[in-house]
Amino acid sequence: MDLLTQDNRPCFFKIISDGEVPVVRIPPKFLKHISKELSDKATITVLSSGSSWNVEVGETRSGLYLQRGWQKFLRDNSLGDAEFLLFRYDGNMCFSVQVFEKSGCERVGASDSGMHQESAEFPIGKRPRGRPKKAHVNSEQVKNLHLRNLKTIQL
């Protein structure tokens, strides 16, 4: 059974456990979708930010892997705490990726919007590393938020 999105682009997922995963194996059953376009390079674009990373694609006896550039993608997006990645194949060895946190919710703004990453081999651009900074909220804002929530619940 193939995993297809509603727009019929083939997809697969990867769960990132604690620690960095040095490479990502592309599922063997997924290879039929890319076999005619197979290349030694692939582009991964995070949908929520539009940021892209180039990675090398390598083949061994045990399968096809996203290799060099993959760890940079993980570090730049602060991945590694049970996040779930959904890869959609866009053609031409380009993958769109949605990042879901361990809560099950999609991470919005995993990278700065409109900025791009670079790998050592395939430069695209630069942006600050890591997750976006959290917004600071003062006690008055929290109080107002709680009051609004109470009014909503009472209606």
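Let us begin with the cysteines: counting a disulfide as a pair of cysteine sulfur atoms within 2.5 Å, the total comes to zero. C11 is buried, at a relative accessible area of 10%, while C94 is partly exposed at 28%. Here buried means under 20% relative accessible area, exposed means over 50%, and partly exposed lies in between, using a 1.4 Å probe and protein chains only.

A word on the ground rules. This is a predicted model, in which local features need pLDDT of at least 70 and side-chain atom pairs count only at pLDDT 80 or more, whereas totals for chains, interfaces and linings use all residues. Residues are numbered from 1 along each chain as its sequence is written, and side-chain values use heavy atoms, with hydrogens and water left out.

Now to the interior. In soluble globular proteins, nonpolar side chains tend to be buried together. The largest nonpolar core in this model has 26 residues; such a core is a set of buried Ala, Val, Leu, Ile, Met, Phe, Trp, Tyr and Cys residues joined through side-chain atoms within 4.5 Å. Those with the most contacts inside it are I34, L66, W70, F73, L85, F87 and F95. Two or more residues each come from β1 (11-16), β2 (24-26), β3 (41-46), β4 (52-60), β5 (63-66), α1 (70-76), β6 (83-91) and β7 (94-100). These elements are DSSP runs numbered from the N terminus, with helices being H or I of at least four residues and strands being E of at least two.

Leaving aside residues up to four places away in sequence, L66 touches P22, V23, V24, I26, A42, I44, V55, E56, V57 and F87, where contact means heavy atoms within 4.5 Å.

Strands count as paired if DSSP finds at least two bridges between them. β3 pairs with β4 in the antiparallel sense over five bridges, and K41 has E56 as its bridge partner in β4. The hairpin of these strands has five residues between them, and G50 takes a positive phi near 80° there. β3 also pairs with β7, in the parallel sense over four bridges, with T45 standing opposite S96.

Finally, let us look at the charged side chains. The structure holds four salt bridges, each a side-chain nitrogen of Lys or Arg within 4 Å of a carboxyl oxygen of Asp or Glu. One of them joins D90 to R9, with the closest N and O atoms 2.5 Å apart. D90 lies in strand β6 and R9 in the segment before β1, so this pair ties together parts that are 81 residues apart in sequence. D90 is partly exposed at 37% relative accessibility, and R9 is partly exposed at 24%.

Another salt bridge, between D76 and K72, has its closest N and O atoms 3.2 Å apart. Both residues are buried, and they sit about one helical turn from each other because they are four residues apart in helix α1.

E83 and R107 also meet in a salt bridge, at 3.1 Å from N to O. This pair links distant parts of the chain, with E83 in strand β6 and R107 in the loop between β7 and α2 (139-154), 24 residues apart. Both E83 and R107 are buried, and together with E101 they are linked in a network of salt bridges.
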